[in-house]
Amino acid sequence: MTASSRLALRGDLLDFTGTPAWGALDDPAVRFRPDHWLLIEDGRIVGAQAEDPDARWTREDHRGRLILPGFIDTHVHCPQLDVIASYGAELLDWLNTYTFPAEQRYADPAVARGGAERFLDALLAHGTTAAMVFPTVHKVSAETLFEAARQRGMRLLTGKVLMDRHAPDGLRDDVDQARRDCEDLIRRFHGQDRLGYAVTVRFAPTSTPAQLAMAGDLCRQDASLYMQTHVAENRAEVEWVAKLFPEARSYLDVYDRVGLLHERAVLAHGIWLDAQDRALLAQRGAQLAFCPSSNLFLGSGLFDWVAAREAGFAVSVASDVGGGTSLSTQRSLGDAYKVQALAGRRMTAWAGLHAATLGAAQGLGLSHEIGHLGVGTLADVCIWDWARGPVAEARFAVARELHEKVFAWMTLSDERNLAAAFVAGVARHRRPDPLPHP
Ligand code: GUN
Ligand code: ZN
């Protein structure tokens, strides 16, 4: 029998035990355990305590640092790291000018493999330990992502992108081949290790009605499959969908008619939804990924989070790189705060951090595994400096209340604050030591 591995991490533990009320600064759903040891055995969290653990535990002392559950990015595109920060276009131009050419390169297995590895290492270096990811239309791009995630022990949801029209050469599939590819990938990867298959419809304009029906059929045949797509992001896109699908009541209805809206569905953006759409999302139990960095960068619009809460569907916060300009969840949350502020609303640090951890995990049906520091979950945890650099340090020094501190951290920090990222109790990223002076 092999000896079990025991690891204890010391720091200020912060996570959520429920959903914080909108606007509440002092909320019972916030669990803050300052200067505690987080106990990890064989990759799982087994407890937390203020007392020093005994000599059976390997101890890492991060006193004075913040320990959070790893972030969950519910909407991000692997191949688009190559086009992040591309100038001057709204969605449809941006896809044609920058994104599709970058995705064409993923037909080459070597490009796909290298891209998947670089992408997952970048997620980890930003404190994101789990993600729902768009690769490209090429089967190999999903295979290489699954394999690279498996090597890193990460929770990853992905699936080959479906697109059989309105896309350039080299980026279109067809219904029969796409179905065969999906079925093969599902058989080989779905439910294996920490991998899950997501039926991945790029968006309504790039799939024929026959392909959308096939995607819905896959979801109906296996209720454990995830689904990811885009919806109602940009006004020109919404008008285009109305022309392509005149029989549908709305853009969202295009997906509902074929059975793509369900409890494991994640739809990105949803800026231009109406009240009936919002009620439908709640009824179907689907999750919406709010992508504020992308929405600002591509000039798409301002997501109405309060209307989402009132309608009762789950909202997570996602980077949407390369439409978004950073993989940093703190930067996305900073943008989310500003988008809500423009509507005269205030997003607390609790609402933001909850959406990027426990809220996202619950929306994916994965809160038994990720999203908080509760006993029994896998130890996907990140260790952060509270403040780095003179500006943040000065601000932190005068912050008094817990919310004030965490809000300043959320607003001023980024991946440079990350000291280490653990996946199932294994350190998969550590900040390199600064170079010694010559
Ligand atoms: N809609 C369809 N494809 C995409 C994409 O790659 N990024 C964004 N932001 N929206 C999309
Ligand atoms: Zn996207």
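The space taken by ligand 1 is the largest cavity of this predicted model, a cavity being a set of points, on a 1 Å grid over the protein atoms alone, where a 1.4 Å probe fits but cannot get out; a molecule is taken to sit in a cavity or pocket if more than half of its atoms lie within 2 Å of its grid points. In this predicted model local features need pLDDT of at least 70 and side-chain atom pairs count only at pLDDT 80 or more, whereas totals for chains, interfaces and linings use all residues. Residues are numbered from 1 along each chain as its sequence is written, chains are lettered from A and ligands numbered from 1 in the order in which they are written, and side-chain values use heavy atoms, with hydrogens and water left out.

The shell around ligand 1 is made up of His 77, Gln 80, Leu 91, Trp 94, Leu 95, Arg 202, Phe 203, His 230, Glu 233, His 269, Ser 294 and Asp 320, where a residue is near a molecule if one of its heavy atoms lies within 4 Å of it. By class this shell has four nonpolar, five polar and three charged residues, with Ala, Val, Leu, Ile, Met, Phe, Trp, Tyr, Cys and Pro counted as nonpolar, Asp, Glu, Lys and Arg as charged, and the others, Gly among them, as polar. Its largest share, three residues, comes from helix H1 (residues 91–104); helices (H or I, at least four residues) and strands (E, at least two) are DSSP runs, numbered from the N terminus.

Two cavities of 30 Å³ or more were counted. The largest cavity holds about 100 Å³ of space, where grid points are joined across faces, edges and corners and a volume is the space filled by probe spheres set on the points. Its lining comprises 14 residues, of which Leu 91, Trp 94, Leu 95, His 230 and Glu 233 lie nearest the centre, lining residues being those with an atom within 4 Å of a point. Helix H1 gives the most to this lining, with three residues, and the lining divides into five nonpolar, six polar and three charged residues.

The second largest cavity, of about 30 Å³, is lined by residues including Ile 72, Asp 73, Met 132, Arg 155 and Ile 370. Strands S5 (71–77), S6 (128–134) and S7 (155–158) are the elements that give two or more residues to its lining, which has seven nonpolar, one polar and two charged residues.

Pockets were defined as open sets with protein on both sides within 12 Å along at least five of seven lines. The largest pocket has a volume of about 190 Å³, and among the residues lining it are Thr 19, Trp 305, Phe 313, His 354 and Gln 362. Helix H12 gives the most to this lining, with three residues. The second largest pocket holds about 170 Å³ of space and is lined by 15 residues, of which Arg 388, Ala 392, Leu 412, Ser 413 and Asn 417 lie nearest its centre; they divide into eight nonpolar, two polar and five charged.
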